[in-house]
Amino acid sequence: QVQLVESGGGLVQAGGSLRLSCAASGSRFSIADMGWYRQVPGKQRELVATITSGGSATYADAVKGRFTISRDNAKNTVLLQMNSLKPGDTGVYYCTAEADWGTNWGRGTQVTVSS
């Protein structure tokens with residue numbers, strides 16, 4: 001298991017960019033599949049992006065081409081680079097780690113995109 005702490009959220013104008021960071025504690029971070037979810041007001045929590053322990057990434061259609069997920073195992077971090085942000089991207093973004101121990105969730109970081 002790992003402990004996850006998200007950071008990097010904030011308020012940006014539409015069309016702007018943010019980079020979210022997920023700092024993970026635990027020596028087994030490198031074997032975990034990582035992901036980002038978001039809770040958009042009025043909508044069900046949705047998967048935004050994933051990256052496997054081997055570095056393979058997937059994205060929700062709504063963010064594909066705008067968001068990039070990456071990981072640095074040496075630093076125990078996962079990043080979510082968010083470009084061309086839209087008001088519909090507003091929500092709380094959660095980092096997840098999944099491995100044989102189950103799934104761990106961070107507490108989330110708020111992203112607000114103004115028009």
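The charged end of Arg45 sits over the ring of Tyr94, 4.2 Å from the ring centre. A second contact of this kind places Arg71 over the face of Phe29, at 4.8 Å from the ring centre. The model is predicted.

**Aromatic pairs**

Searching the whole structure gives two aromatic pairs. Tyr37 and Trp105 make a tilted pair, with 4.9 Å from centre to centre and 45° between the planes. This pair links distant parts of the chain, 68 residues apart: Tyr37 belongs to strand E4 and Trp105 to strand E10 (residues 102–105). Trp105 is partly exposed, its relative accessible area being 39%. Tyr37 is also partly exposed, with a relative accessible area of 25%.

Tyr94 and Trp105 pair edge-to-face, with 6.1 Å between the centres and 70° between the planes. Here the linked parts are 11 residues apart, with Tyr94 in strand E9 and Trp105 in strand E10. Tyr94 has a relative accessibility of 14% and counts as buried, because the limit for buried is under 20%. Taken together, Tyr37, Tyr94 and Trp105 form one aromatic cluster. Tyr94, a member of that cluster, is the ring over which the charged end of Arg45 sits.

**Salt bridges**

| Salt bridge | N to O distance |
|---|---|
| Arg38 and Glu46 | 2.5 Å |
| Arg38 and Asp89 | 2.8 Å |
| Arg66 and Asp89 | 2.7 Å |

The side chains of Arg38 and Asp89 meet in one of these bridges. Asp89 lies in the loop between strand E8 (77–82) and strand E9 (91–99), while Arg38 lies in strand E4 (residues 33–39), so their bridge ties together parts that are 51 residues apart in sequence. Asp89 and Arg38 are both buried; for Arg38 the relative accessibility is 3%.

Arg66 forms a salt bridge with Asp89. Arg66 is in the loop between strand E6 (57–59) and strand E7 (67–72), and Asp89 is in the loop between E8 and E9, so this pair ties together parts 23 residues apart in sequence. Both Arg66 and Asp89 are buried. Through shared partners, the salt bridges join Arg38, Glu46, Arg66 and Asp89 into one network.

Arg38 is buried, whereas Tyr37 is partly exposed.

Terms used: Residues are numbered from 1 along each chain as its sequence is written. This is a predicted model: local features need pLDDT of at least 70, side-chain atom pairs count only at pLDDT 80 or more; totals for chains, interfaces and linings use all residues. Side-chain values use heavy atoms; hydrogens and water are left out. A salt bridge is a side-chain nitrogen of Lys or Arg within 4 Å of a carboxyl oxygen of Asp or Glu. Buried means under 20% relative accessible area, exposed over 50%, partly exposed in between (1.4 Å probe, protein chains only). Helices (H or I, at least four residues) and strands (E, at least two) are DSSP runs, numbered from the N terminus. Rings of Phe, Tyr and Trp (its six-membered ring) pair if their centres lie within 6.5 Å; planes under 30 degrees apart count as stacked, over 60 as edge-to-face and the rest as tilted. A charge sits over a ring if NZ of Lys or CZ of Arg is within 6 Å of the ring centre and within 35 degrees of the ring normal.
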